[in-house]
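Have a go at each task before reading its solution.

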Amino acid sequence: MSATDDPHIGTAEQEPLGPPPVAPWRENWRYFTSNRGAVLGLTVLGLMVLTAIFAPLIAPHETATQYRDALLAPPAWTANGRAEFLLGTDALGRDILSRLIYGARYSLAIGLVVVTLALISGILVGLVAGYCGGWVDALIMRVMDIILAFPSLLLALVLVAIIGPGLFNAMLAIAVVLQPHFARLTRGAVMAEKSREYVTSAKVAGAGHLRLMLVTILPNCLGPLIVQATLSFSNAILDAAALGFLGMGAQPPTPEWGTMLAEAREFITSAWWVVTMPGVAILITVLAINLIGDGLRDTLDPKLKRS
Amino acid sequence: MALLEVRNLSVAFETAAGAFFAVKGVDLSADAGEVLAIVGESGSGKSVAMLAVMGLLPPAATVTADAMCFEGRDLLTLTPRQRRDLSGSAMAMIFQEPVASLNPCFTVGFQIEETLREHTDLGAAARRARAIELLTQVGIPAPEERLGSFPHQLSGGQCQRVMIAIATACNPRLLIADEPTTALDVTIQKQILELLLRLQAEHGMALVLITHDMGVVAETADRVIVQYNGRKMEDTDVLSLFERPRSAYTRALLSALPENATGSRLPTVSTFAAAAEDGAA
């Protein structure tokens, strides 16, 4: 039985079929790629990921090898530079380029782990707060407000001071600091979506609380969360670098960018490249990720869409 | 025994000014195979009464009734789990805004199959076949292709057809339609009403139609309940409603129809409101 030969259905106006369905990711990809900055950011980040993965193949030297004949050698293009040390060497004669290449691994891992931890815990907490409402909501959000009331780096420092310095502890501390942002965002979105009609019709179909929370409501709240996750990625890298710089993050001789900056502190006036290179690496990475985040926000926020 | 039997239903909302009664002591019943229309103006409590039957009211609402039975089971004493098993399979509901009633994140096919997965033992292939069958039944062209569509890719009429497909997926005995055609334009309204009536006749369902469109009532209903200000004004079969309206409010409502207007000014219900109140007392 098809629609056209069914006598019960009016044929006065057959509803049009409309354009063939387009997968939403394809549509979003088109919007995303029309933003030049976002594409540039994605390219840079892609190169960064490749660099991190293939670090042993790309890096010209070992990260810990000390070339005693080339302490604080300037970059290759300056007057006293040596060709084998493209970006120069640090105070112990280690090749800065190789250390930066390996450092990309740490920075990306930090971003990934921190954002994953903060995202998962923030979403769960925010979902429960927004869905349950009432005193549960009030209790959870006041705790989040307390965390937000501290300057983020200070709180991370305190946490690291309590659980001990080290890269993983630093990541945990940063995740705790970033988590309330996700919780707030999720709660707001959940509260807005909770009263929509499709949630009611899911209830009519017999969906339980867990299903309503995780399957019905959560996917509709993901847009802003994805954007926040991207922007937090760069925040996490910055905070980890700051903790490293203060000696509370990754410990030497780990070639983490913030830790490299800390080691170079005393040579700021005499050997500019030792400080500049890790700084530039952090700058480029954070900038690229922020560009991607901006692009994603334009793509996923229907209000900013031109159509 | 009626399929749905509600006696002395009251729904109160807690407000700052004290309890506000949206529904006051309403009795209603619906038999299998019957089309029952509930009419009344906005705020007359017709939707709230049905939401109470489905258990969809927010916690701020207090529902009291002497009896609220579906197939002899008291809905008020069911556990949440039993209630979830019942709704979606034995009793279903469709709403006014078809586009908003579908989850924008999932395809139409997923949403139909979700209900089937919850309430039936069908396997994946059987669910898909049933979903295609349902879409064909509600008159959606090229159902295999439409299974992969998202709600925003369909028109309002098509979305309402999908909602009806989801609601009837498990062959419910009771289907409540809360102003199912209000958001649609006239030609689509007619198609959707005919579709609902056809499905109602085929499956022998009880159909409760909430509406404020007297034309819809005249064309579809077997029995009509007129509600005003949370109270039931009249409960009668459709012919006597139009020919011999008993309550003053019903007469006011009917005279407010544009096609019944005699002078150049349309009479409004509010002028008869006081009289209707007396009629109820």
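**Exercise 1. In which loop does B:Ala142 lie, and is this residue buried or exposed, or in between?**

Step 1. Keep in mind as you work that this is a predicted model. B:Ala142 sits in the loop between α5 (124–137) and α6 (143–146) of chain B.

Step 2. Look at the backbone: phi of B:Ala142 is near 50 degrees, a positive value in a residue other than glycine. Most residues other than glycine have a negative phi.

Step 3. Count the neighbours. A residue is buried with 20 or more other C-beta atoms within 10 Å and exposed with 12 or fewer. B:Ala142 has 13 C-beta neighbours inside 10 Å, so it counts as partly exposed.

**Exercise 2. Where does B:Glu71 lie, and what is its phi?**

Step 1. B:Glu71 is found in the loop between β5 (67–70) and β6 (73–74) of chain B.

Step 2. Its phi is positive, about 50 degrees, although B:Glu71 is not a glycine.

Step 3. With 15 other C-beta atoms within 10 Å, B:Glu71 is partly exposed.

**Exercise 3. Which prolines of chain A are joined by a cis peptide bond?**

Step 1. Most peptide bonds are trans. The bond between A:Pro252 and A:Pro253 is cis, with omega about 5 degrees.

Step 2. Now take in the rest of the chain. Chain A has 12 helices and zero strands, and 39% of its 307 residues are buried.

Step 3. Of the contacts in chain A between residues at least 6 apart in sequence, 69% join residues at least 24 apart.

**Exercise 4. In what order do the six strands of the open sheet in chain B run, and which are the edge strands?**

Step 1. The order is β7-β8-β9-β3-β10-β11 (chain B), with mixed pairing.

Step 2. The edges are β7 (91–94) and β11 (231–237) of chain B, each of which pairs on one side only.

Step 3. On average, neighbouring strands of this sheet are turned by 15 degrees against each other, direction ignored.

Step 4. Zoom in on one pair. Strand β3 (residues 35–39) and strand β9 (residues 206–211) of chain B run parallel and are joined by five bridges. Within this pair, B:Val35 stands opposite B:Leu207 in β9(B).

**Exercise 5. Why do the buried residues of α11(B) fall on the same side of the helix?**

Step 1. List them: in helix α11 (residues 248–255) of chain B, the buried residues include B:Tyr249, B:Thr250, B:Ala252 and B:Leu253.

Step 2. These residues cover an arc of only 160 degrees around the axis, so they lie on the same side of α11(B).

Methods. Residues numbered from 1 in each chain as written. Chains lettered and ligands numbered in written order. Predicted model: local features only at pLDDT ≥ 70, side-chain atom pairs only at ≥ 80, totals over all residues. Helix = DSSP H or I, 4+ residues; strand = E, 2+ residues; numbered from the N terminus. Arc of directions from axis to C-beta. Contact = placed C-beta atoms within 7 Å. Pairing = 2+ DSSP bridges. Axes fitted to C-alpha atoms, helices over the stretch in contact; angles between N-to-C directions.
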